[in-house]
Amino acid sequence: MSNPACRAETKAGASCRAMPLPGRDVCIMHAPDMAEKIAAARMKGGTAAAKLRVLQGKRLRLDSPAALAKFMSGLIQDVMAGTLGVDTARTVVYAVSVQRQVVEHAEKAELEKRLVEVERLLAQRRLG
Ligand SMILES: [Zn+2]
């Protein structure tokens, strides 16, 4: 059996732990002969892994400013790494800006609901 994880080290010096290529002891990122293929895939606008991450990203619950911020930082890193096409990134950034407004609207509605409740309780006290 092959090794369960890539035997190379990351730039930080930790062990890689990614899945090795079939019949080899290093992952795709640590196989020197794969570098050219990875570069070519990036030139085409995205690796399969990046595309999968985008699809998975679509299923994330982007219903809070914190979730949106986390999603955006991942998106920025994908764009910087060249693993996400610029057109896709632009569309997603637009969607995030719309979603941010939806989230803010929902939060504002929730605050107003709470304020109404506080005012109701205050009015009750004055009467009591
Ligand atoms: Zn590796």
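Predicted model: local features only at pLDDT ≥ 70, side-chain atom pairs only at ≥ 80, totals over all residues.
Select Val93 first: it counts as partly exposed because 13 C-beta neighbours lie inside 10 Å. For burial, C-beta atoms are placed from the backbone, and a residue is buried if 20 or more other C-beta atoms lie within 10 Å of its own, exposed if 12 or fewer, and partly exposed in between. Val93 sits in helix α4. Helices here are DSSP runs of H or I with at least four residues, strands are DSSP runs of E with at least two, and both are numbered from the N terminus.

Residues are numbered from 1 along each chain as its sequence is written.

Now select residues 86-127, which form helix α4. Its 42 residues reach 61 Å from the first C-alpha to the last, close to the 62 Å expected at 1.5 Å a residue. The expected span is 1.5 Å times one less than the number of residues in the helix. How many residues of α4 are buried? The count is zero, and the helix is hardly covered.

Step back to residues 65-81, helix α3. Its 17 residues should span 24 Å at 1.5 Å a residue, and the end C-alpha atoms are 24 Å apart, so the two values agree. Just after α3, pick Gly82, which takes a positive phi of about 75°.

Next, go to Arg17, in the segment before α1 (35-43). Most residues other than glycine have a negative phi. Arg17 is not a glycine, yet its phi is positive, about 70°. Arg17 counts as exposed because it has 12 C-beta neighbours inside 10 Å.

Met29 also lies in the segment before α1. With 14 C-beta neighbours inside 10 Å, Met29 counts as partly exposed. Select Ala18 with Met29: they are eleven residues apart along the chain, and their C-alpha atoms are separated by 8.8 Å.

Finally, show the whole protein chain. It has four helices and zero strands, in the order α-α-α-α along the sequence. Buried residues make up 6% of its 128 residues. Two residues are in contact if their C-beta atoms, placed from the backbone, lie within 7 Å. Of the contacts between residues at least 6 apart in sequence, 34% join residues at least 24 apart.
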